[in-house]
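The following paragraphs lead the reader through selected surface features of a structure. Please keep the sequence and the model in view while reading.

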Amino acid sequence: MTTPILDRFLAKVEHNDADGCWNWTAHTYRGYGRFTVDRFRTSQKAHRVAYELLVRPLQPDEVLHHSCENTRCVN
C-alpha cells in the first residue's frame with residue numbers, strides 16, 4: 001500500500017505559527033521546494049502542488065506569488 005500524496009506532502013512541511021509560513025523541509029532547487037508527484041519521479045514546485053492539493057487545479061500559465069516573500073513557504 002502506498003502513502004496518499006497529501007500525507008507524503010504534509011510530512012515535508014513545518015508550520016511556523018509566528019509568521020504563518022508552512023516551510024518546506026525537503027529538497028529545494030533555486031530556493032523553491034520541489035516535490036516528486038508520481039512514480040515516474042516527476043518533480044514540481046512544492047508551493048504549486050500545495051495549491052493544487054488544497055485549493056484547486058492550476059493552469060500551466062498561472063503564476064502564484066509568495067506574499068510572505070519566503071520561497072520555501074507552501075502556505
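Predicted model: local features only at pLDDT ≥ 70, side-chain atom pairs only at ≥ 80, totals over all residues.

Residues are numbered from 1 along each chain as its sequence is written, and side-chain values use heavy atoms, with hydrogens and water left out.

Ile 5, Leu 6, Leu 10, Leu 53, Leu 54 and Val 55 make a nonpolar surface patch of about 440 Å². Two or more residues each come from helix H1 (5-10) and helix H2 (46-54), and H1 gives the most, with three residues. Leu 54 belongs to helix H2. At a relative accessible area of 45%, Leu 54 is partly exposed, a class that lies between buried (under 20%) and exposed (over 50%), with a 1.4 Å probe and protein chains only.

One salt bridge is found in a search of the whole structure; the term denotes a side-chain nitrogen of Lys or Arg within 4 Å of a carboxyl oxygen of Asp or Glu. The partners are the side chains of Arg 56 and Glu 62, at 2.8 Å, N to O. Arg 56 is partly exposed at 35% relative accessibility, and Glu 62 is partly exposed at 24%.

Most residues other than glycine have a negative phi. Arg 41, however, has a positive phi near 65°. Arg 41 lies in the loop between strand S4 (32-36) and strand S5 (43-45), and is exposed, with a relative accessible area of 65%. Glu 69 also has a positive phi, of about 65°. Glu 69 is located in the segment after H2 and is exposed at 73%.

Methods:
Patch = residues over 30% accessible without salt bridge, like charges linked within 9 Å, V, L, I, M, F, W, Y side chains within 5 Å. Areas by Shrake-Rupley, 256 points an atom, 1.4 Å probe, with all protein chains shown as cover. Helix = DSSP H or I, 4+ residues; strand = E, 2+ residues; numbered from the N terminus.
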